[in-house]
Amino acid sequence: MQRGSDRLSVHRDDEMKHELQGLLRSGHPTRVEEWHDPEPSAEDDPEIWGGPVVPGSPRATLETVRLELARTLGRSAFPAGAGALAVGLRRKNAPDALVEAVRRLPGKDRYATVQELAEALVGSGR
């Protein structure tokens, strides 16, 4: 018997593998009840599914840029200047174009929220 930090037993692991086997092989949900399936995105959701949103791209609205920044940066990153935010984005593996757009912002400005940062990025056309 293995003793460690495992939360589940070997039997439960095998049971869970068996439950997921159909989903992994088919590539789509295999449940009979439709209410078990994940919901599709709503019509008014920002279009993040097409890849990272970068300021200056045609689909970069204020909402989508703010959502992309908020996904990467946390609340603890603010208030900060552009240089510190660019370093934080780089550490969290943000897209290079987004890091460079933040890095090009004026160094003397400080941003208290994601909203202020997104407005600076979208408003400046970067």
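The protein chain has five helices and two strands. Both kinds of element are DSSP runs numbered from the N terminus: helices are H or I with at least four residues, strands are E with at least two. This is a predicted model, in which local features need pLDDT of at least 70, side-chain atom pairs count only at pLDDT 80 or more, and totals for chains, interfaces and linings use all residues. Residues are numbered from 1 along each chain as its sequence is written, and side-chain values use heavy atoms, with hydrogens and water left out.

**Overall layout**

- From the N terminus on, the order of elements is α-α-β-α-α-β-α.
- Of the 126 residues in the protein chain, 24% are buried. Buried means under 20% relative accessible area, exposed means over 50%, and partly exposed lies in between (1.4 Å probe, protein chains only).
- The accessible surface of the protein chain is about 9500 Å². Carbon and sulfur atoms hold 51% of that surface. Areas come from the Shrake-Rupley method with a 1.4 Å probe; for residues, only the protein chains shown count as cover.
- Among contacts in the protein chain with a separation of 6 or more, 43% link residues 24 or more positions apart. A contact means heavy atoms within 4.5 Å.

**Nonpolar core**

- The largest nonpolar core has 21 residues. Such a core is a set of buried Ala, Val, Leu, Ile, Met, Phe, Trp, Tyr and Cys residues joined through side-chain atoms within 4.5 Å.
- Leu-69, Leu-85, Leu-89, Leu-117 and Leu-121 have the most contacts inside this core.
- Helices H2 (62-72), H3 (82-91), H4 (96-103) and H5 (114-123) each give two or more residues to the core.
- In soluble globular proteins, nonpolar side chains tend to be buried together.
- Leu-89 touches Leu-69, Thr-72, Leu-73, Ala-94, Leu-98, Val-99 and Val-102, leaving aside its neighbours within four places in sequence.

- The buried residues of H3 are Ala-82, Leu-85, Ala-86, Gly-88 and Leu-89.
- These residues sit on the same side of H3, because they cover an arc of only 160° around the axis. The arc is that of the directions from the helix axis to the C-beta atoms.
- Ala-84 and Arg-91 are exposed on the other side of H3.
- The cover over the buried residues of H3 includes H2, strand S1 (80-81), H4, strand S2 (110-111) and H5.

**Salt bridges**

- The whole structure holds six salt bridges. Each one is a side-chain nitrogen of Lys or Arg within 4 Å of a carboxyl oxygen of Asp or Glu.
- Glu-15 and Arg-12 form one, at 2.9 Å from N to O. The two lie three residues apart in helix H1 (residues 10-26), so about one helical turn separates them.
- Glu-15 is partly exposed at 41% relative accessible area. Arg-12 is also partly exposed, at 32% relative accessibility.
- Glu-100 and Arg-90 form another, at 3.6 Å from N to O. Glu-100 lies in H4 and Arg-90 in H3, so this pair ties together parts that are ten residues apart in sequence.
- Glu-100 is partly exposed at 31% relative accessibility. Arg-90 is partly exposed at 36%.
- Asp-109 pairs with Lys-108, with the closest N and O atoms 3.8 Å apart. Asp-109 is partly exposed, with a relative accessible area of 29%, whereas Lys-108 is exposed at 73% relative accessibility.
- Shared partners join the salt bridges of Arg-90, Asp-96, Glu-100 and Arg-103 into one network.

**Backbone points to check in the loops**

- The peptide bond from Phe-78 to Pro-79 is cis, with omega near -10°.
- Pro-79 is in the loop between H2 and S1.
- Asn-93 has a positive phi of about 60° although it is not a glycine.
- Asn-93 follows H3 and lies in the loop between H3 and H4.
- Asn-93 is exposed, at 69% relative accessibility.
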